[in-house]
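Q: Can we go through this one together? I'd like to take it a piece at a time.

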Amino acid sequence: MRVYSEQKETELVQVVCNCCGKKLLVENGSLIEECVHIEHDFGFFGTKDGMSQKFDLCEECYRKIVEGFSISAEEWERNELL
């Protein structure tokens, strides 16, 4: 969950893991801790037709979820980081 400043709507104030509730490190409006941010728009043929959701996961919660996959997530090393 992301919280933005009331005075400056684009300034990030806080990020909280939606799974465990951990507060992630934010300094000067920038997230400085690893976080997985997911935004999804549901289409048709499901129980959430026309709905949208977004959430944040800390690295530990993401790891626990991925470890529970029946088929492993694809993984590769990037040569360049932004």
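**Working through the model**

Q: Is S70 buried or exposed?
A: S70 is exposed, with a relative accessible area of 80%. Exposed means over 50% relative accessible area, buried under 20%, and partly exposed in between, using a 1.4 Å probe and protein chains only.

Q: What kind of model is it, and how is it numbered?
A: This is a predicted model, where local features need pLDDT of at least 70, side-chain atom pairs count only at pLDDT 80 or more, and totals for chains, interfaces and linings use all residues. Residues are numbered from 1 along each chain as its sequence is written, and side-chain values use heavy atoms, with hydrogens and water left out.

Q: Ok. Where does S70 lie?
A: S70 is in the segment after α1 (59-67). Helices (H or I, at least four residues) and strands (E, at least two) are DSSP runs, numbered from the N terminus.

Q: Which residues make up the largest nonpolar core?
A: There are 8 residues: L12, V15, C17, L24, C35, L57, C58 and C61. A nonpolar core is a set of buried Ala, Val, Leu, Ile, Met, Phe, Trp, Tyr and Cys residues joined through side-chain atoms within 4.5 Å.

Q: Which elements give two or more residues to this core?
A: Those are β2 (12-16) and β7 (52-58).

Q: Why would nonpolar side chains be buried together?
A: In soluble globular proteins they tend to be.

Q: How many disulfides does a search of the whole structure find?
A: The search finds 0. A disulfide here is a pair of cysteine sulfur atoms within 2.5 Å.

Q: What about C61?
A: C61 is in no disulfide, and its nearest cysteine sulfur, that of C58, is 3.6 Å away. C61 counts as buried, at 6% relative accessibility.

Q: And C35, buried or exposed?
A: C35 is buried, with a relative accessible area of 15%.

Q: New topic: which residues line the largest pocket?
A: The lining is E34, V36, E59, Y62, V66, S72, A73, E74 and E75. On a 1 Å grid over the protein atoms alone, a pocket is an open set of points where a 1.4 Å probe fits, with protein on both sides within 12 Å along at least five of seven lines; lining residues have an atom within 4 Å of a point.

Q: Which element gives the most to that lining?
A: α1 does, with 3 residues.

Q: How much space lies in the largest pocket?
A: About 230 Å³.

How values were computed. Grid points are joined across faces, edges and corners, and a volume is the space filled by probe spheres set on the points.
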